[in-house]
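Please look at the sequence and the structure first.

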Amino acid sequence: MKPIIQVENVSKVYGNGTKALKEVSFSIKAGERVGILGASGSGKTTLFRLLNGSLLPTSGRVSVLGQDLAELSHRQLRQLRTRISLVYQNYNLIPGLSVAHNVYMGRLGSISPWQVMRSLGWLTVREREEIQAVLASVGLANKLEVKASELSGGQQQRVAIARTILARPEIILADEPIASVDVHTAHLLLNIFKELNEKQGITLVCNLHQVDFALTYCQRLLVLQKGQLIYDGPPEAFPGPGRWADA
Ligand SMILES: Nc1ncnc2c1ncn2[C@@H]1O[C@H](COP(=O)(O)OP(=O)(O)OP(=O)(O)O)[C@@H](O)[C@H]1O
């Protein structure tokens with residue numbers, strides 16, 4: 001099977017000379033559930049931004065869904081992003097909009113500008129039913145009309161995941177999605193991701209700080225240390241955080 005994500009000899013040097021990634025290579029197959037681990041400053045966010053095309057490598061190649069990201073026009077990149085969903089630590093919701101409208105934003109990119117304008121006024125019965133169903137799947141069935149700003153952090157992250165589900169992506173890229181929530185909510189969120197991966201076959205690539213969660217929820221770990229990939233393998237064989245925690 002062809003890889004869905006391929007990173008070949010990728011290095012990233014920022015304008016101030018910081019070498020954030022050094023000759024990193026790996027490939028991910030469709031349906032994998034991968035955790036990226038590493039201490040603060042090891043290059044996780046840089047790698048996340050390279051995978052979503054918001055940053056280009058200084059050298060090397062990043063291909064997602066068979067396309068070299070450096071060769072895409074803005075329009076082609078926008079099109080490719082309709083097949084990828086991004087989940088961030090800070091949820092990226094529109095606070096003044098209802099939960100229903102925030103979830104509907106998952107459709108942006110795959111609907112016409114007219115539909116976007118119309119949906120900001122009202123949602124059709126069918127759209128509301130779809131949104132209701134995805135909200136139910138993340139345990140927020142009764143929050144349709146509530147403003148996003150009135151929810152707790154964990155609830156906002158669940159809305160962000162519901163938005164992701166509605167977008168029906170092939171890949172979910174999540175950057176520290178549990179960084180701002182308590183332990184109970186972290187388990188709840190990672191279980192939702194696990195189910196999406198197992199039941200819908202969505203490829204999941206998740207930046208995580210916490211080793212315990214990565215060991216529990218990921219099938220494969222990529223561990224970064226000072227910009228280098230020092231481990232790529234199953235959680236069972238992971239030698240432990242001692243190797244990178246003080247990096
Ligand atoms: N825009 C930038 N300009 C210059 N240096 C940067 C920039 N972004 C990140 N860096 C540096 O690149 C290195 C990797 O940073 P990155 O944010 O990728 O690490 P991280 O593993 O995500 O860290 P954290 O877990 O703290 O978010 C760090 O030394 C950081 O200071």
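## Burial and overall form

Of the 247 residues of the chain, 38% count as buried, meaning that 20 or more other C-beta atoms, placed from the backbone, lie within 10 Å of the residue's own. The model is a predicted one, in which local features need pLDDT of at least 70 and side-chain atom pairs count only at pLDDT 80 or more, while totals for chains, interfaces and linings use all residues. Residue numbers start from 1 along each chain as its sequence is written.

The radius of gyration of the chain is 18 Å, which agrees with the value near 18 Å for a compact globule with 247 residues; it is taken over C-alpha atoms, and the globule rule is 2.2 Å times the number of residues to the power 0.38. The C-alpha trace spans about 50 × 40 × 40 Å along its principal axes.

## Domains

An automatic or database domain assignment divides the chain into domain 1 (1-83 + 170-247) and domain 2 (89-168). Their contact takes 15 residues from domain 1 and eleven residues from domain 2, where contact means C-beta atoms, placed from the backbone, within 7 Å. On the side of domain 1 that touches domain 2, H7 supplies the largest share, four residues.

## Ligand surroundings

Residues around the ligand include Tyr14, Asn16, Lys44 and Thr45, counted when the C-beta atom, placed from the backbone, lies within 6 Å. Helix H1 (residues 44-51) gives the most to this shell, with three residues; helices are DSSP runs (H or I, at least four residues), numbered from the N terminus.

Definitions and conventions: Helices (H or I, at least four residues) and strands (E, at least two) are DSSP runs, numbered from the N terminus. Two residues are in contact if their C-beta atoms, placed from the backbone, lie within 7 Å. A residue is buried if 20 or more other C-beta atoms lie within 10 Å of its own, exposed if 12 or fewer, and partly exposed in between; C-beta atoms are placed from the backbone.
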